[in-house]
Amino acid sequence: MTKLLARFYKDESGATAIEYGLIAALIALAIVTAATNLGTALSDKFVEIKNKLNGAAPGA
């Protein structure tokens, strides 16, 4: 029984898959965060441009 537990303890094949899964999750989180920040920045820039164009309109 102790040999079985020792062999199970030393088996690291599942740990590699978990590590790859964690790395993939972190990369996905970084991509989502970057895309959200980029989208917010672009939205703010378009609002700024819209406001400048509305202020430059004749008769405004």
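Is K45 buried, exposed or partly exposed? In this predicted model, K45 comes out as partly exposed, with a relative accessible area of 44%.

View 1. Follow the C-alpha trace along its principal axes and you get a span of about 90 × 10 × 5 Å.

**View 2. The surface of the protein.** The protein exposes about 5,600 Å², and 70% of that comes from carbon and sulfur atoms. As for charge, there are 6 positive and 5 negative ones, and their mean positions sit 1 Å apart.

**View 3. K45 paired with E48 in helix α2.** Side chains of opposite charge can pair when their charged atoms come close. Here K45 and E48 form a salt bridge, and their closest N and O atoms are 3.7 Å apart. Both residues belong to helix α2, which covers residues 13-56. They are three residues apart, so about one turn of the helix lies between them. K45 has a relative accessible area of 44%, while E48 is at 36% and also counts as partly exposed.

**View 4. K52 paired with E48.** How far apart are the closest N and O atoms of K52 and E48? They are 3.5 Å apart, and the two residues form a salt bridge. K52 and E48 both lie in helix α2, four residues apart, which is again about one turn of the helix. K52 is exposed, since its relative accessible area of 57% is over the 50% cut-off.

**View 5. The trio together: K45, E48 and K52.** E48 takes part in both pairs, one with K45 and one with K52. How many salt bridges does the protein have by this count? The count comes to two.

Terms used. Residues numbered from 1 in each chain as written. Predicted model: local features only at pLDDT ≥ 70, side-chain atom pairs only at ≥ 80, totals over all residues. Heavy atoms only, no water. Salt bridge = Lys/Arg side-chain N within 4 Å of Asp/Glu carboxyl O. Helix = DSSP H or I, 4+ residues; strand = E, 2+ residues; numbered from the N terminus. Buried < 20%, exposed > 50% of the residue type's maximum accessible area, 1.4 Å probe, protein only. Areas by Shrake-Rupley, 256 points an atom, 1.4 Å probe, with all protein chains shown as cover. Lys, Arg positive; Asp, Glu negative; His and termini not counted. Charge placed at Lys NZ, Arg CZ, Asp CG, Glu CD.
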